[in-house]
Structure formats: structure tokens, C-alpha cells
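Student: Could we go through this model together, asking each time what a term stands on?
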Amino acid sequence: MTADYGMGYDTYGHTPLDKAFGQGDVYGVAYDAARAARPLVRIAIIGAGGVAQSKYFPAVARLRMIWEPVEIVAFAEPREEHGRKVQAIYGGKWYRDYQDMLAEEAFQAVIVLSPDNLHAEHVRAALDAGRHVLVEKPITRSMPDAQQICQMADDKHLCLMSVANKRLSPPYRRLKRFIESGPLHNPALYSAKFNLGYDYVDLFESGTIHLFDLTRYLMGDVRSVYASGVNRYGRNTRHYPVDSAALTLEFVSGAVGSITTSSTALSLKPWERVEVYGDHAWAAVEDQLELILYDGEAAATQSWRPAVPNTLLFDEEFGGYMWLIENFVQSIRGAEQPVVTGWDGYRALEILRATQMSLHQHQSVTLPLTPDSAEAEAQEWLRSSGWNG
Ligand SMILES: NC(=O)c1ccc[n+]([C@@H]2O[C@H](COP(=O)([O-])OP(=O)(O)OC[C@H]3O[C@@H](n4cnc5c(N)ncnc54)[C@H](O)[C@@H]3O)[C@@H](O)[C@H]2O)c1
């Protein structure tokens, strides 16, 4: 007999069983009185490009399909072809200038999906206008900026969340539960492997930062980072200083771990694997899909995979986007705590900067960092290879 570790609620991304079988509502779209009774939250989006169109607009539409009262009333996008297309498909008022949108439209919250280097400006403007904010990763391109906007949100008593959609992806939710409630309580060892798959973005800022956040979410705060790296093929079009890196981590809990990450093996999608080792038990998540639990010698190995990956499951659902947006609007309503805060985004950026400082110094770097000096050193390391910012 295998334990279920209190996971009765957890559907691994599928329609809840009572809806699917009890009510014959396979797609989970029948009237949901409890969800429909939640107060309406009006949101706006800044930046309607790739991730907005492929993840956020569909995720909000799917949430509405299952009766979540959330509405995108407006979006700001300077590119005409995107603005016209998104408006035609999803509605909402299209603005070329985000400042006009903030001044003219009535909404409680903003999702910032603009390029990384504009996050700080857009978050500041939204907070200044009294709006709650969910901002894509990395929270900003600099630690002092990240610190400043997090403090600003706290001072204004506004909700600031940074995007960490993996936290809400079913295999990682379940892994987190194993760590919190057993059988992986107080883990000793952690290992994460990441193949970014693209060589036209920044290795740490663009992809690996997801694993920095996930690592901290699962294992707690990082005490030190030692990183070694190589620019093996020199092919990165932005002249990032390394194309592959191996990190050794010490956690505040006393546990140890490693992260390896690379952008050299081109692929149409990033690939990853996470392993957590506890006392007489360990678990692995293969490519954010299959979770395998090796629960000691006496218990059978258990594994979970979505049963119908491409029919009933939506990427925006399994990828965590829907649940992140749901958690954001529920936090605004005061009905839930944010699963990831702006300060979590700051801490993920801090691990990233510690990694870059360690690559610069060829020695271990201890956290917490001093934002200004960490930033200056990381910039020096980045510019040393001709990186174009
Ligand atoms: N969570 C994830 O896995 C994930 C995946 C992809 C991208 N991202 C992040 O999402 C953000 C957007 O990435 P993307 O791939 O969609 O990029 P993108 O370039 O396709 O989209 C960004 C959009 O912002 C618009 N924009 C530029 N300046 C603007 C302004 N002043 N006001 C409003 N809009 C403006 C651009 O015209 C563009 O359409 C980035 O921060 C990126 O790191 C996260």
C-alpha cells in the first residue's frame, strides 16, 4: 500500500475527478458556482508579444472558461501588427502607450510582459498608479532596481509578484509537497540540469533563472555559490560570456546541491531534470512532466505523468501560468497569499548575480549580496566578453 501524502486535492493538471466523472464535465467548463462567486478582477497587460500571446492571453481565456471572474480590459503594445491581432482575437482596448492606459482605464492590476530591460520602468509606473503587479522574469535587469520596486510595493501595500510559473506546475507542486509533508522532509542533496536549447538569449537571465527560483523554492535560501563555466563554441549571438556552467550550492539549511546549465545543444524547447534526495527516499522530475518517487526499500516506486498530455491538458495549465494568474487575482482579493513575491524574484536574481561573481572571481561567493557592488561586478563580468546588454 502506498501513501498519498495528503494529495487528494491534486489533479496533476487534469479536470478534477468529481467534475469529470461525477458531473460528466470532462473539460471542466460547466458552471462552477463557487468560482463564479469570486469578485471580478480587472487586469491590464504591458507588452503583448510572444509570451503574452502564447501563454497569458490564452491562460486568462481558459481561466474565464472555467468561470474565474478575471478580465483583461486593456493592453499596451507599441507594435501595430500585434496590437491589432490581439485586440481582434481577445478584445480589450489596445493602447500604443502604456502611460495613456494607466491614466485612462479602470483596472486593479497589471501584468508586465515587456522586454527585460523595461520591467523596472513599467513596474514602477504601475505601482505609482496604485496597481498590483505581476512581472515576468527576471524581475528587473538589476539588483538595486529590484530592491527598489519591492520596497515600493511594500510601502504602498500593493501586491508585487514575479513570475515563477514552474512553482505552480503539477510535478513541482507535488515535489514541494513531498518536501513539506514527507517523505522528502529535510532533504540533504539537490541536483538540477537545464538545457536552454537556444543560443540567441542570455543563458542565466533568460532560462536558468527559472531554475534558480525553483531551487530556492524547493530547498530554501542559498548560502553560497561556486560556479565554473566555459564559452566552448562562442556562438551566442549576444556574446554572453559562457555557454555552459556548473554550480555547486550550499543552502542555509545545511544541504548541498548542484545546477548544470547549457545553451550549446540547440533544441526547439528547453529540457530540464530536478532531483531531491532525502532520508531513505528520493524523487526526480523529468522535464517538468514525470515525477518519480523512490520511497525507501519497503515501498514501491511511484510515478505520475499526465495521462492525456495533448488533448485534455493545456500548456498554459500544466506550465503553471493559469494557476499563477489565479493566485495573483486571489491575492488581490485577499483570499490567498502570493505563491511567489517580488522579493522572491529579487532572491532569484541574487543567486544569478552570485553565479556571475563566482565566475568572475573563480571562488565561492557567499549570500546575501550587497546590491550595488554585486551589480557592478556582474556588469564588469558580462561586458568582458563584448556582451551587448
Ligand atoms: N516565463 C517564461 O518562461 C518566459 C518565456 C518567454 C519570455 N519570458 C519573459 O517575458 C517577457 C517578454 O518576452 P517575449 O518573449 O514575449 O518578448 P517579445 O519581444 O516577443 O514581447 C515583448 C513585447 O513588449 C513590447 N514592448 C516593447 N516596449 C514596450 C513598451 N514601452 N510598452 C509596452 N510594450 C512594449 C514589444 O513590442 C513586444 O511585443 C520577457 O521579460 C521575457 O524574459 C518569460
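Student: What makes helix α3 the element that gives the most to the shell around the ligand?

Tutor: Helix α3, residues 50-65, gives three residues to that shell, where a residue counts as near if its C-beta atom, placed from the backbone, lies within 6 Å of the molecule. A helix here is a DSSP run of H or I with at least four residues, a strand is a run of E with at least two, and both are numbered from the N terminus. The shell has 22 residues, of which G47, G49, G50, V51 and E136 come nearest. This is a predicted model, in which local features need pLDDT of at least 70 and side-chain atom pairs count only at pLDDT 80 or more, while totals for chains, interfaces and linings use all residues. Residues are numbered from 1 along each chain as its sequence is written.

Student: How many residues of the shell are called nonpolar, and by what rule?

Tutor: The shell divides into 11 nonpolar, six polar and five charged residues. Ala, Val, Leu, Ile, Met, Phe, Trp, Tyr, Cys and Pro count as nonpolar, Asp, Glu, Lys and Arg as charged, and the others, Gly among them, as polar.

Student: Why are β3 and β6 called edge strands?

Tutor: Two strands pair if DSSP finds at least two bridges between them, and in the open sheet of six strands, ordered β3-β2-β1-β4-β5-β6 with parallel pairing, β3 (93-95) and β6 each pair on one side only. Strand β5 (residues 132-135) and β6 share three bridges in the parallel sense, and V133 stands opposite L160 in β6. Helix α3 lies across β1 (41-46), β2 (70-76) and β4 (109-112), at about 155 degrees to β2; such angles run from 0 to 180 degrees between N-to-C directions, with axes fitted to C-alpha atoms, for helices over the stretch in contact.

Student: How do you know which parts of domain 1 touch domain 2?

Tutor: The domains, whose bounds come from an automatic or database assignment, are domain 1 (7-166) and domain 2 (170-300 + 342-383). Residues are in contact if their C-beta atoms, placed from the backbone, lie within 7 Å, and the contact takes 21 residues from domain 1 and 23 residues from domain 2. On the domain 1 side, α7 (143-156) and β6 (160-162) are the elements that give two or more residues, and α7 has the largest share with seven residues.

Student: What is the compact-globule comparison for the chain?

Tutor: The rule is 2.2 Å times the number of residues to the power 0.38, with the radius of gyration taken over C-alpha atoms. For 389 residues a compact globule would have a radius near 21 Å, and the chain has 21 Å, so the value agrees with the rule.

Note on methods
Contact = placed C-beta atoms within 7 Å.
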